[in-house]
Amino acid sequence: MHTSSHALARLLGDFSAGAGPAHRRLSDLIRLLILDGRLPLDTALPGERDLAAVLGISRTTVSTAYATLREQGYLSSRDRARGRTQVPTRAQPEPASPGPDLIDFSHAAPPAPGEALHRAYTRALDRLPRYLPRHGYHPAGLPELRAAVARRYTERGLATDPEQILVTNGAQHAFSLLVRTTLRPRDRVVTDHPSYPHALQVLRSAGCRITPVAVTEDGWDVDGLAAAARGAAMVFLIPDFHNPTGLLMSEVDRARLRFDGGLVVDETMTELALDTAPPVPVAAHRPGVVSIGSAAKTFWGGLRIGWLRADRGLVQRLAQARAGTDLGTPVVEQLACAELLGEIEQVLPGRLAELRERRAFLLELVGEHLPDWTVGRSDGGLSVWARLPEPVSSALAAVAPRFGVHLAAGPRFGVGGAFERYVRLPYSLDPAPMTDGIKGIAAALSAVRSGTRAPTTPATPLA
Ligand SMILES: Cc1ncc(COP(=O)(O)O)c(C=O)c1O
């Protein structure tokens with residue numbers, strides 16, 4: 001694979017924005033594109049002369065940037081051949097990789113509810129002996145967990161049989177299994193815009209064509225979705241506390257979702273209703289919808305438990321197809337997740353109250369330290385979508401590690417380099433790192449704006 005100078009220039013966005021010398025800005029941005037997965041690995045970068053001409057900079061700038069990337073291990077260094085993108089194999093002192101010292105604003109994922117998780121695992125171990133005499137492979141999931149997930153859908157207003165549930169190793173696994181099993185390269189898929197970066201990554205790596213339809217402050221453009229869906233193989237939406245915006249699709253819009261092509265909804269955040277009642281699943285409005293869910297946000301990402309709800313035929317097909325990559329989900333984690341689902345009404349209120357407090361605290365911090373950012377309304381979930389006055393999101397994410405913060409640039413959530421004016425701000429962090437993180441982002445932004453050289457010493461946590 002190779003990328004042309006024009007394609008790379010589009011990904012680089014407004015190259016004039018950013019701190020430090022031009023070669024540094026260029027190597028920082030290319031490194032960010034590699035780490036974000038927007039420049040796939042093993043992609044040959046354009047020739048120096050050609051890229052310099054397209055970017056309107058000197059060839060020396062490009063060759064110095066390429067040399068830095070080679071030194072840091074992000075470009076292969078075969079003589080004469082064009083450098084190919086890679087990630088360093090040895091530990092680098094380079095701050096752009098999410099090191100332990102960086103405050104992680106790149107994930108919107110809450111910590112585990114410690115006591116409840118401990119209790120769930122203890123009970124899971126108590127229940128384990130009954131599974132030990134058998135082989136332990138359950139491609140569609142453990143009956144106990146399938147029943148617990150089905151019960152939760154039923155409680156939420158969508159009658160569900162356990163045989164309609166496929167347990168997976170997370171929502172991400174569910175989506176990639178579905179895409180790999182039911183779509184073909186060149187199939188067209190309609191998505192929210194912005195959308196969840198790893199879902200976009202699944203579609204890209206399956207060779208699908210993505211048609212993005214904007215999600216704005218006003219919510220979803222259902223007519224626009226229907227028009228875009230004509231002839232598409234799939235429509236993929238995140239209607240419940242959408243990642244990254246936190247928006248909730250209205251009941252009226254849910255009832256109007258009728259498309260060509262299959263509708264797949266990712267309801268990973270569905271239990272994190274901060275300002276509203278938990279939404280009724282989209283599939284209650286329309287039969288045939290495939291719903292994807294997860295324990296990651298309700299309980300803990302480290303469980304690695306997700307699921308898919310569909311008709312029995314598709315569940316069986318996917319359970320068979322998963323054998324191509326894995327043979328099932330760990331039994332103890334499934335038992336622990338079933339326990340947690342049984343306790344959900346006890347666990348959730350405290351978690352939601354904490355998230356509400358953290359969201360309010362984040363908004364205060366943004367008002368104080370980033371006063372010219374506009375934070376969009378969020379109905380729940382784990383993040384807000386903040387708008388910057390200028391299109392410098394990638395430049396900001398590239399320099400932020402030098403100010404102690406790992407940040408996801410807006411364009412990760414889009415296609416074709418969109419969202420340079422946006423940053424997703426999660427409120428899943430504890431107040432102290434959240435404060436330091438926002439201060440770090442403000443300092444990084446000042447450096448980007450003034451074009452001054454950022455500190456070159458490795459990042460240390462801000463006090
Ligand atoms: C919308 C959405 N889908 C899927 C996932 C991944 O979930 P899991 O950890 O269950 O694979 C996330 C996690 O951030 C998410 O926000």
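A polar contact is a pair of N or O atoms within 3.5 Å; within protein, one must be able to donate a hydrogen and the other to accept it, and residues adjacent in sequence count only if both atoms are side-chain atoms. The model is predicted, so local features need pLDDT of at least 70 and side-chain atom pairs count only at pLDDT 80 or more, whereas totals for chains, interfaces and linings use all residues. Residues are numbered from 1 along each chain as its sequence is written, and side-chain values use heavy atoms, with hydrogens and water left out.

View 1. A polar side-chain atom of S294 is 2.6 Å from a ligand oxygen atom. For R304, a side-chain N or O atom lies 2.7 Å from an oxygen atom of the ligand, and for N243 the corresponding distance is 2.8 Å. On its own the ligand has 400 Å² of accessible area, of which the protein covers 92% (Shrake-Rupley method, 1.4 Å probe).

**View 2. The loop between β6 and α10.** This loop joins β6 (234-237) to α10 (251-255) and contains P244; helices (H or I, at least four residues) and strands (E, at least two) are DSSP runs, numbered from the N terminus. The peptide bond from N243 to P244 is cis, with omega near 20°. F241 lies in this loop too and, although not a glycine, has a positive phi of about 55°. Most residues other than glycine have a negative phi, and most peptide bonds are trans.

View 3. The bond from H193 to P194 is cis, with omega near 10°. P194 sits in the loop between β3 (188-193) and α8 (197-205).

**View 4. Packing of α7 and α11.** Helix α7 (residues 171-182) packs against helix α11 (residues 312-321) at about 95°, with the axes 10 Å apart. The two helices are therefore roughly perpendicular (65 to 115 degrees). From α7, the contact (heavy atoms within 4.5 Å) involves L177, L178, T181 and T182, and from α11, L314, R317, L318 and A321.

**View 5. E144 and its neighbours.** E144 belongs to helix α6 (residues 143-155). The side chains of E144 and Y131 are joined by a polar contact of 2.4 Å. Leaving out residues up to four places away in sequence, E144 touches R127, R130, Y131, L335 and A338.

Conventions: Axes fitted to C-alpha atoms, helices over the stretch in contact; angles between N-to-C directions. Parallel < 35°, antiparallel > 145°, perpendicular 65-115°, else oblique.
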